[in-house]
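Let's take a walk through this protein together, starting with the overall layout and ending at a single residue. Keep the structure open beside you as you read.

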Amino acid sequence: MQIEFENYSISPIQERDAWRICDFVVSNEDRLKDYFPKTVQQNLNPTLVQLFVAKKVKKFIAKEEFLFTIKENTTRTIIGLIFLKELDKEQNKGELAYCIGYQHKGKGIMKASIKNLVPWCFDSAKLETLQILVHNSNLSSIRISEHNGFQWKQTLLKEHTTGNGEILDMELYELQNPALQS
């Protein structure tokens with residue numbers, strides 16, 4: 001499975017992505033440390049990243065969590081990641097979490113990536129509801145959520161702990177599968 005748009009592609013995590021993920025995480029550590037602290041910790045060196053990738057590939061195959069890479073098609077460089085996580089099989093919902101490299105911020109790539117991945121989440125992952133958790137200071141992510149049809153639902157108090165231990169309230173956005181609405 002691969003989704004292509006413009007000069008980019010979204011693909012499931014693969015073992016051969018380990019070095020590229022390490023490069024992506026290390027070069028974007030400052031951008032990722034607050035909202036993806038565990039991802040940063042698990043990808044700081046080649047040994048850790050290989051363990052991280054192997055675990056994520058297994059989870060993808062088992063349909064427990066889905067990690068996708070966003071690559072620039074010409075260089076095959078990983079420029080972003082999208083996680084479909086916190087899967088609730090009883091309620092058929094999951095959370096999208098995403099990050100993009102500093103060189104590609106503000107170019108609409110993540111907005112287009114979410115737009116292109118949402119149908120897969122509903123059709124292939126068989127979800128009825130998608131969620132995005134956003135800190136109210138992350139205006140770019142709020143715009144990505146709203147542009148893709150996600151609706152603000154509520155503020156979740158003390159929902160996220162940053163890499164430095166700060167506890168943050170997060171805004172919950174949701175999107176219902178349009179095929180289920182009458």
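The protein has six helices and eight strands. Keep in mind as we go that this is a predicted model.

How much of the protein is buried? Buried residues account for 48% of the 182 residues. The accessible surface, for its part, comes to about 9900 Å², and 48% of that surface belongs to carbon and sulfur atoms. Contacts also reach along the chain: among those between residues at least 6 apart in sequence, 58% join residues at least 24 apart.

Now let's look at the sheet. Its eight strands form an open sheet with mixed pairing, in the order β1-β2-β3-β4-β5-β6-β8-β7. At the edges you will find β1 (3-5) and β7 (151-161), each of which pairs on one side only. On average, neighbouring strands of this sheet are turned by 25 degrees against each other, direction ignored.

In general, strands of a sheet pair through backbone hydrogen bonds, either parallel or antiparallel. For an antiparallel example, pick out β2 (residues 8-12) and β3 (residues 66-72), which pair over five bridges. Within this part of the sheet, proline 12 has phenylalanine 68 in β3 as its bridge partner.

Next come two helices that lie across the strands. Helix α1 lies across β3, β4 (78-88) and β5 (93-100), and runs at about 95 degrees to β4. Helix α6 (residues 139-147) lies across β5, β6 (129-134) and β8 (167-176), running at about 160 degrees to β6.

Is asparagine 28 buried or exposed? Its relative accessibility is 2%, and because buried means under 20%, asparagine 28 counts as buried. Which residues does asparagine 28 touch, leaving aside its neighbours within four places in sequence? The contacts are with Gly101, Tyr102 and Gln103.

Note on methods
Residues are numbered from 1 along each chain as its sequence is written. This is a predicted model: local features need pLDDT of at least 70, side-chain atom pairs count only at pLDDT 80 or more; totals for chains, interfaces and linings use all residues. Side-chain values use heavy atoms; hydrogens and water are left out. Buried means under 20% relative accessible area, exposed over 50%, partly exposed in between (1.4 Å probe, protein chains only). Contact means heavy atoms within 4.5 Å. Two strands pair if DSSP finds at least two bridges between them. Helices (H or I, at least four residues) and strands (E, at least two) are DSSP runs, numbered from the N terminus. Axes are lines fitted to C-alpha atoms, for helices over the stretch in contact, and angles run from 0 to 180 degrees between N-to-C directions. Accessible areas come from the Shrake-Rupley method with a 1.4 Å probe; for residues, only the protein chains shown count as cover.
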